[in-house]
Amino acid sequence: MKEEILKQYELWCEKTKSNKEMNEALLAIKEDERAIEDAFYRNLEFGTGGLRGVIGAGTNRMNIFTVAKASQGLAEYVVSSFEGDLRKIAISYDSRIKSDVFARVAAGVFAANGIKVFMYSELMPTPCLSFAVRELGCAAGIMVTASHNPAKYNGYKVYGSDGCQITTAAAAEILEKIEQVDIFDGIKQVDFEAGIASGQIEYIAEAVYSKFIEEIKKQSLLTENDSVDKNVAIVYSPLNGTGLKPVTRALKEMGYTNSTVVEEQRLPDGNFPTCPYPNPEIKEAMSLGMEYAKKNNADLLIATDPDCDRVGIAVKNSEGEYVLLSGNETGCLLLDYICSMRIRNNTMPKEPVAVKTIVTSDLGQKIATKYGVETKNVLTGFKFIGEQIGFLEQLNKSENYIFGFEESFGYLSGSYVRDKDAVNGATLICEMFAYYKSKGISLLEKLEELYKEHGYYLNSLYSYEFEGADGMVKMQHIMDSFRTADNPVPGFLVERVEDFNQGLYGLPKSNVIKFYFEGDISLVVRPSGTEPKIKLYISINCENRDQAKNIEKELLAAVNM
């Protein structure tokens with residue numbers, strides 16, 4: 001074992017003696033060199049997504065010490081960047097293990113640094129945090145969550161005053177502050193309850209949450225003249241996360257009252273006992289909801305992830321079986337619905353803009369072009385979509401933004417928040433479903449219409465995991481190989497390559513490579529920003545699904561991950 005790692009381990013054992021839980025966790029790995037190395041070989045990385053890691057003891061873990069250190073750095077950034085009354089931070093948290101604990105630790109650090117803290121009194125979704133930052137005029141915000149990761153993870157998303165996750169530049173400044181903080185002796189902190197008593201920490205008023213719900217309701221595209229049966233049978237699952245209260249309230253107030261909640265996944269539970277990987281992108285997380293849908297003969301299944309910024313759906317096919325739609329499919333359906341309804345209602349702005357990420361289906365751009373909508377392509381991460389809304393706002397053109405989406409089940413149809421919003425997504429999906437049902441059209445039939453008009457698109461995501469210190473090295477080697485190989489995908493003719501590490505199209509530099517192959521085929525390779533994974537995004541445009549699947553099989557074999 002490297003000497004520095006062992007010294008860090010011994011320091012933590014000494015400094016955490018008063019914290020029984022932490023100290024016992026450290027002593028439990030005393031004879032396990034590999035476990036010690038993994039817990040201490042680096043500091044938990046702080047980037048534009050904030051912190052995210054496995055819960056536990058060590059510098060490379062999510063715990064009260066690493067959270068306090070990050071909070072101290074953020075506090076010093078806010079104090080140095082904002083004056084007086086502008087020094088305010090909003091906090092929300094989800095259902096994950098220790099999310100409430102970490103939120104209170106952070107609040108205590110901010111308060112001790114003279115920053116006014118506004119915190120939700122109960123768990124609330126990520127979009128509610130983004131909304132509160134702007135509504136309360138905060139300098140920053142944090143959302144304690146690991147989004148859709150497995151139960152062993154937690155995290156800490158940091159937001160700027162614009163309600164977007166922080167920029168690369170801001171993250172670098174905050175990281176510089178964090179690195180100067182001694183994790184045991186350099187942190188200012190007050191007791192949470194004392195902060196509440198002094199008024200330095202204040203619970204966010206119910207009125208803020210209610211205003212958020214009202215903004216959701218304003219996103220409806222239906223008019224008084226629309227005769228739509230809202231009695232569609234809906235099964236909803238919050239996947240033991242934050243979505244139950246806002247999603248069910250919004251649906252009810254918008255007239256969708258025939259809904260059933262998946263009971264086993266109703267209440268907050270950071271162990272996610274029936275969905276170990278609580279991500280609506282994957283079938284396993286949706287399986288219990290699909291059972292409920294079959295039992296209740298539901299028209300539509302909807303599920304939101306733990307921090308309620310992603311939403312997945314399933315609908316019945318012509319044989320009565322439930323089919324999961326991908327994020328690309330749902331996003332393209334929503335974009336087409338929004339465009340067609342805005343034109344019908346004469347509410348399309350003069351210079352409409354839709355925003356999608358570079359790994360999201362190009363079908364979206366074809367749909368937008370059909371309706372005269374400009375498409376802006378941005379880097380992976382919804383903050384870049386939020387950033388585009390901010391740019392429009394600076395030009396007094398925020399009303400030009402009509403929709404943003406990413407393939408990972410993130411959607412937003414308004415500018416009231418600057419992150420993806422599964423409450424908005426869920427209500428808009430229900431409305432779209434009910435509207436088309438009143439016309440005798442299913443979502444699958446509508447999707448086929450789009451394919452007939454624009455060509456069939458197969459969009460797939462494959463993830464490859466690389467755990468530990470060795471995994472990080474291997475991931476970098478793989479990315480280097482893609483950049484330097486003469487022919488990284490044998491058998492496929494490369495027409496052009498976009499290496500976003502060079503800062504293309506005015507976008508920030510990012511470790512992403514996109515290959516365009518002959519035959520309208522593309523491959524994007526990127527390391528995940530939140531997990532030890534390399535992700536491959538495949539896009540194939542051809543005549544039909546069978547042809548596309550055969551091409552995909554050949555492409556995966558050639559990549560040989």
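**View 1. Arg342, a buried residue without a salt bridge.** The model shown here is predicted, so local features need pLDDT of at least 70 and side-chain atom pairs count only at pLDDT 80 or more, while totals for chains, interfaces and linings use all residues. Residues are numbered from 1 along each chain as its sequence is written, and side-chain values use heavy atoms, with hydrogens and water left out.

View 2. A polar atom of the Arg342 side chain lies 2.7 Å from the backbone oxygen of Thr347. Neighbours within four places in sequence left aside, Arg342 is in contact (heavy atoms within 4.5 Å) with Leu221, Thr347, Met348, Pro349 and Ile402.

**View 3. Strand E2, covered on both faces.** Because six of the six residues of strand E2 (residues 88–93) are buried, this strand is largely enclosed by the rest of the structure. Lys88, Ala90 and Ser92 lie on one side, and Ile89, Ile91 and Tyr93 on the other.

**View 4. E2 and the strands joined to it.** Strand E2 runs parallel to E3 (residues 116–119), joined by four bridges, with Lys116 as the partner of Lys88. Five bridges join E2 to the parallel strand E4 (residues 140–144), where Met143 is the partner of Ser92.

Conventions: Buried < 20%, exposed > 50% of the residue type's maximum accessible area, 1.4 Å probe, protein only. Helix = DSSP H or I, 4+ residues; strand = E, 2+ residues; numbered from the N terminus. Pairing = 2+ DSSP bridges. Lys, Arg positive; Asp, Glu negative; His and termini not counted. Salt bridge = Lys/Arg side-chain N within 4 Å of Asp/Glu carboxyl O. Polar contact = N/O pair within 3.5 Å; in protein donor to acceptor, adjacent residues only side chain to side chain.
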